[in-house]
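Open the model in your viewer and keep the selection tool ready. The tour goes stop by stop.

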Amino acid sequence: MEELILSLVKDRKLLSIAEKVLSGERLSFEEGLTLFESSELPVLGLLANYVAEKKNGKFAYFNVNVHITPTNICVGTCKFCAFRKKKGESGAYELTVKEVIEKLKRYSEEVSGLTEVHIVGGLHPDWSYEQFIGIVRTVKEEFPELHIKAYTAEEIKYIAKKGNKSIADTLIDLIEAGLGSLPGGGGEIFSESVRKEICPDKITGDEYLEIHKTAHRLGLKTNATMLFGHVESYVDRVDHLLRLREAQDETGGFQTFIPLAFHPLNTEIPGATYTTGVDELKTIAVSRLILDNFPHIKAYWVMLGEKIAQVALQFGADDIDGTVREEDITQAAGAKAGEFLPKSRLIKLIKEAGKVPVERDTLYNVLKIYS
Ligand code: V47
């Protein structure tokens, strides 16, 4: 297999990178850049698939989950976000804890075998520390068997500030309330200059990494993301990936990396367009090749669409996320993929990609293998 892959490489620089990948060596910044600049997409795919299968065999994971977004009211100013509303603006909403529970009751009846709830939302100006913690506590009391993956690093910092507490103490309170892990949202692109342009008021890349590392030290697993396809360059993407790799070397607490394809509708990014299939597959493949210490790469079907997410399973991804059911952030920005896929469809997508569907829980414990 190794010889076959090498025989297909045309570019000399790519050939030496391919040799390094096949012998398990770590790639440098320059090499990451060469990968992004390469137009030999099938070779990138073969290399990334080689690495993915070395790590996870033929397994490709999915889970049965729902998302709940308790509010879209947000004091944030992120220009790429089409979801946020100011208080009082038309379309702004906020759910009470009771409404969150009612929604979850309905979803858990509709989606059988539910194991995870993903809760993220806006930075509501009036909600107290106790309210944010209370959502997690009540969900856990009502649904003790569900894993709660909740609050991005940005929300964690906001909640901590509300409570006048440190990040660590806030996470400790959330864990005590029932938090199971942190989602990867809020990573965007770590580059300071890009953040200044697209989300000037957001936590910095370093703060994002520090919050995740603090969570890891407290025993929580977390995910990481990168929002790509807006104003960032390949240099920014490689920088982002290397900073994640370095953080992972320190704590080892990241489970999966999720490249998020930017959606332009209703956003404030001038001239922004949808990402392309080639860029999406390349970004998945290069992420797999650079992030040698991340166990999993997720092709999030809601943002990639089910077709590209499926093909991504041959380009380095080993996970396509879950059933989802409700997803407002991408929908507001012009999602084309919808927000629910039944388990049977996820299994079909994975099988046809030549992989073995594995139903997992949030922490990648295997629940069922569909061989
Ligand atoms: O933080 C916002 C991104 C994220 C847009 O951890 C946009 O398992 C595209 O992080 N176009 C939230 N993306 C989603 C997220 C996520 C999703 C699924 C699974 C997991 C996980 C995490 O969505 C935000 C932001 O980075 N986002 N606006 C947009 N216009």
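**Stop one: Phe80 and Glu188**

Select Phe80 and show what surrounds it: leaving aside neighbours within four places in sequence, Phe80 is in contact with Glu188, Ile198, Cys199, Lys202, Leu227, Phe262, Thr267 and Ile269. Keep in mind that this is a predicted model. Phe80 lies in the loop between strand S2 (65-68) and helix H5 (97-110). Its relative accessible area is 12%, so Phe80 is buried.

An unreviewed UniProt entry lists Phe80 and Glu188 under "binding site". They are spread over 109 residues of sequence, yet they cluster in space, with a largest C-alpha distance of 9.5 Å.

Glu188 sits in the loop between strand S5 (179-182) and helix H9 (192-198). At 6% relative accessibility, Glu188 is buried. Not counting residues up to four places away in sequence, Glu188 touches Phe80, Arg195, Cys199, Lys202, Thr225, Met226, Leu227 and His240. Zoom in on Lys202: a polar contact of 2.7 Å joins its side chain to that of Glu188.

**Stop two: the cysteines**

Select Cys199, which touches both Phe80 and Glu188. Cys199 is buried, at 1% relative accessibility. Which cysteine sulfur is closest to that of Cys199? The one in Cys78, 5.0 Å away, which is too far for a bond.

Move to Cys74, also buried, with a relative accessible area of 13%. Its closest cysteine sulfur is in Cys81, at 6.7 Å, again too far for a bond. The structure holds 0 disulfides.

**Stop three: aromatic rings**

Show the aromatic side chains. There are 10 aromatic pairs. One of them is Phe132 with Tyr158, edge-to-face, 6.1 Å centre to centre and 90° between the planes. This pair links distant parts of the chain: Phe132 is in helix H6 (residues 129-142) and Tyr158 in helix H7 (residues 153-162), 26 residues apart. Both Phe132 and Tyr158 are buried.

Next, select Phe190 and Tyr208. Their rings form a tilted pair, 5.4 Å centre to centre with 45° between the planes. Phe190 is in the loop between S5 and H9, Tyr208 in helix H10 (residues 205-217), 18 residues apart. Phe190 is buried at 0% relative accessibility, and Tyr208 is buried at 0% as well.

Then select Trp127, Phe132, Tyr151 and Tyr158 together. Ring pairs link them into a cluster.

**Last stop: charges over rings**

Select Lys336 and Tyr274. The charged end of Lys336 sits over the Tyr274 ring, 4.0 Å from its centre. Finish at Arg360, whose charged end sits over the ring of Tyr364, 4.4 Å from the ring centre.

Notes:
Residues are numbered from 1 along each chain as its sequence is written. This is a predicted model: local features need pLDDT of at least 70, side-chain atom pairs count only at pLDDT 80 or more; totals for chains, interfaces and linings use all residues. Side-chain values use heavy atoms; hydrogens and water are left out. A disulfide is a pair of cysteine sulfur atoms within 2.5 Å. Buried means under 20% relative accessible area, exposed over 50%, partly exposed in between (1.4 Å probe, protein chains only). UniProt positions are given in the numbering used here, feature names are shortened, and annotations may be inferred rather than shown by experiment. Helices (H or I, at least four residues) and strands (E, at least two) are DSSP runs, numbered from the N terminus. Contact means heavy atoms within 4.5 Å. A polar contact is a pair of N or O atoms within 3.5 Å; within protein, one must be able to donate a hydrogen and the other to accept it, and residues adjacent in sequence count only if both atoms are side-chain atoms. Rings of Phe, Tyr and Trp (its six-membered ring) pair if their centres lie within 6.5 Å; planes under 30 degrees apart count as stacked, over 60 as edge-to-face and the rest as tilted. A charge sits over a ring if NZ of Lys or CZ of Arg is within 6 Å of the ring centre and within 35 degrees of the ring normal.
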